[in-house]
Amino acid sequence: MSFYQEALETIRQAHYILVLTHINPDVDTISCGLALSNFMYENKIKHKVFNKMDNLPRNVNFLNRFEHITNKLPTSYDVVVYVDCGDQRRPAVEINSDAKMINIDHHASNDYFGDINILDETKASTAEVLYQFFKQNNLKISANVATCLYAGMYDDSIQFSTPRVDGEMFQIAHHLCDCGANPSYVADMLTKRESLAKYRLLPLVLGSLELHLEGTVATIYTLPEWLITTGADYRDVEDSVNMILSISVVQIAILLRPTNGKTRLSLRSKNGIDVSKIASEFQGGGHKMAAGCTIEHDNVLKAKNEIINFIKNNFYTNGGIQ
Ligand SMILES: [Mn+2]
């Protein structure tokens, strides 16, 4: 029996399934949670999709069953499905250790913590890994499931643009369209419903832009008071780090944000530079071209100097990032 079949058997035999999405959720984790939720609902399989609910992305609220995501654990469950969780701590919740664990993910750092592991680090999104669960088991993909999978794939590949986008991804997209996913609807829902507050905040964040190390590293930051004065939230800042990575000379873009007495860093790179190596030096993680970590004090200017010095001393030689 393949692990796809084993996962399906486990889901079919379960009394109650807990689907776990990760903290600081992105579109991929929520879309995968909801793809499973729609499949389970359609097949009368009892389940809940859990998120710690620190801040759900608002732009996924068009996905069917979004309103059923909960931050309360069910009283009993015998199977837990982790989606898009690079390690077992990512959902940030204590779970019953007797439950059987299914681990569906695409992070290279995933250590096969599940009893059943469906992992493919060559994929741009967990949505594509989850698609294989449906495909390999010959399961019907409803329009609701297809829309969820398409949304996760679209967003985690940064709109079909990252290095892991390949022909197979477009074949999957083609199949999902045949099943009822509508590309322009998903794109409009995900990207064209932004707040005015975001555009009040952006000039402040972009005003903090600095280039370092001959322009190879760009930093921006956001301050909590800016969020208050503009009414924006930190999700409204996330695009800005991709914006500054678009600057021709910039190889690494860093967004710093004070939170809970620490400074949270989002790192992005291009030209094959691996920012997950930098993040892991600060107990963080992520992917080669998109990673995150935390520095243990809340002064963004000090945190910025610390990360720039670290990059300078460890990754910067002969006028370039190595
Ligand atoms: Mn993902």
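**Sheet, helix contacts and single residues**

Q283 counts as exposed because it has 10 C-beta neighbours inside 10 Å. With C-beta atoms placed from the backbone, a residue is called buried if 20 or more other C-beta atoms lie within 10 Å of its own, exposed if 12 or fewer, and partly exposed in between. The structure is a predicted model, in which local features require pLDDT of at least 70 and side-chain atom pairs count only at pLDDT 80 or more, whereas totals for chains, interfaces and linings use all residues. Residue numbers start from 1 along each chain as its sequence is written.

Q283 is located in the loop between α10 (275-281) and β10; helices (H or I, at least four residues) and strands (E, at least two) are DSSP runs, numbered from the N terminus. The phi angle of Q283 is near 60 degrees, a positive value in a residue other than glycine. Most residues other than glycine have a negative phi. D84 also is a residue other than glycine with a positive phi, here near 65 degrees. D84 is placed in the loop between β3 (79-83) and β4 (100-105). In contrast to the exposed Q283, D84 is buried, since 30 other C-beta atoms lie within 10 Å.

The model contains an open sheet of 6 strands, in the order β6-β7-β8-β9-β11-β10 and with mixed pairing. Two strands are taken to pair if DSSP finds at least two bridges between them. The edges of this sheet are formed by β6 (210-212) and β10 (285-286), each of which pairs on one side only. Strand β10 is also the strand that ends the loop holding Q283.

Within the sheet, β7 and β8 pair in the parallel sense, over 5 bridges. V217 has its bridge partner in β8, namely I252. On the other hand, strand β8 (residues 252-259) pairs with strand β9 (residues 262-269) in the antiparallel sense, over 8 bridges. Bridge partners in β9 include R264 for R257 and L265 for L256. Strands β8 and β9 form a hairpin with 2 residues between them, and N260 in the turn has a positive phi of about 50 degrees. Strand β8 is mostly covered, as 6 of its 8 residues are buried.

Helices also meet the sheet. Helix α9 (residues 238-245) lies across β7 (217-221), β8 and β9, and runs at about 155 degrees to β8; axes are lines fitted to C-alpha atoms, for helices over the stretch in contact, and angles run from 0 to 180 degrees between N-to-C directions. Helix α11 (residues 300-315) packs on the sheet as well, where it touches β6, β7, β8, β9 and β11 (290-295), and its direction makes about 145 degrees with that of β8. Contact between two residues is assigned if their C-beta atoms, placed from the backbone, lie within 7 Å.

D239 lies in helix α9. D239 counts as partly exposed because it has 14 C-beta neighbours inside 10 Å. In sequence, D239 and Y4 are 235 residues apart, and their C-alpha to C-alpha separation in space is 35 Å. G207 belongs to helix α7 (residues 196-207). G207 counts as exposed because it has 9 C-beta neighbours inside 10 Å. G207 and I220 are 13 residues apart in sequence, and the distance between them in space is 7.9 Å, C-alpha to C-alpha.

The axes of helix α3 (residues 126-136) and α4 come within 7 Å and cross at roughly 145 degrees. On the α3 side, T126, A127, E128, L130 and Y131 take part, and they meet L149, G152, M153 and D156 in α4. By class, this contact of α3 with α4 holds 5 nonpolar, 2 polar and 2 charged residues (Ala, Val, Leu, Ile, Met, Phe, Trp, Tyr, Cys and Pro count as nonpolar, Asp, Glu, Lys and Arg as charged, and the others, Gly among them, as polar).

The axes of helix α4 (residues 143-156) and helix α6 (residues 183-191) come within 10 Å, with a crossing at roughly 60 degrees. From α4, the residues T147, Y150, A151, Y154 and D155 meet V186, A187 and L190 in α6. The contact of α4 with α6 is made up of 6 nonpolar, 1 polar and 1 charged residues.
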